[in-house]
Amino acid sequence: MQEVVIYTDGACRGNPGPGGWGALLEAGDAQRELCGGEPETTNNRMELTAAVEALNALKTACVVELYTDSNYVRQGITTWLAGWKRNGWRTAAKKPVKNADLWQALDAACQRHTITWHWVKGHAGNAGNEAADALANRGIDTLGADATEQTVKY
């Protein structure tokens, strides 16, 4: 299987507010940048969307090293997800899981890949994380005057 390194990030101007997501995918010497945005969203939704879009962009099953600065995403996928599924998408407190639609999409996107999840401190000089952050902000900027949802692939 091909080995891929992915850096993801989400951004929001206001929370909720206009948001963007970005992902940098690296396989050998090849790089691919993805970004998109939504006019009214939350930072957590954009963090999740970045991971979903990055994994779904892979055409074949891959061995993935995925880096995120979101403890919400990393802990959710590595620790909380199994319990949520077992409890019918309810938390331990019996409340509906927030962003269940995106957690389900991320769960599905993970199925064909072997993924190791890493947390990196945001805005701390990690080049991949800084690139993903810039892409997430580009995702917001590309919303334009009409503020419609869009995805831009480079």
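Mentor: Let us begin with Trp89, which is found in the loop between helix 2 and helix 3. Helices (H or I, at least four residues) and strands (E, at least two) are DSSP runs, numbered from the N terminus. This is a predicted model, in which local features need pLDDT of at least 70 and side-chain atom pairs count only at pLDDT 80 or more, while totals for chains, interfaces and linings use all residues. Residues are numbered from 1 along each chain as its sequence is written, and side-chain values use heavy atoms, with hydrogens and water left out.

Trainee: What is the phi of Trp89?

Mentor: Most residues other than glycine have a negative phi, and most peptide bonds are trans. Trp89, however, has a positive phi, near 60°. Asn99, found in the loop between helix 2 and helix 3, also has a positive phi, of about 60°, although it is not a glycine. As for the peptide bond, the one from Asn15 to Pro16 is cis, with omega near 15°; Pro16 has its place in the loop between strand 1 and strand 2.

Trainee: Why does Trp89 count as buried?

Mentor: Buried means under 20% relative accessible area, exposed over 50%, and partly exposed in between (1.4 Å probe, protein chains only). Trp89 counts as buried because its relative accessibility is 18%. Asn99, at 17%, therefore counts as buried too.

Trainee: At what angle do the axes of helix 2 and helix 3 cross?

Mentor: Axes are lines fitted to C-alpha atoms, for helices over the stretch in contact, with angles from 0 to 180 degrees between N-to-C directions. Here the two axes come within 11 Å and cross at roughly 95°. Helix 2 is therefore roughly perpendicular to helix 3, a class that spans 65 to 115 degrees (under 35 is roughly parallel, over 145 roughly antiparallel, the rest oblique). The contact (heavy atoms within 4.5 Å) involves residues including Tyr72 and Trp84 of helix 2 and Trp103 and Leu106 of helix 3.

Trainee: Which residues have the most contacts inside the largest nonpolar core?

Mentor: A nonpolar core is a set of buried Ala, Val, Leu, Ile, Met, Phe, Trp, Tyr and Cys residues joined through side-chain atoms within 4.5 Å. The largest has 34 residues, and those with the most contacts inside it are Ile6, Leu25, Leu55, Trp103, Leu106 and Trp117. Helix 1 supplies the largest share of this core, 8 residues. Leu55 touches Ile6, Leu106 and Trp117, among others.

Technical notes. Lists of a residue's contacts leave out its neighbours within four places in sequence.
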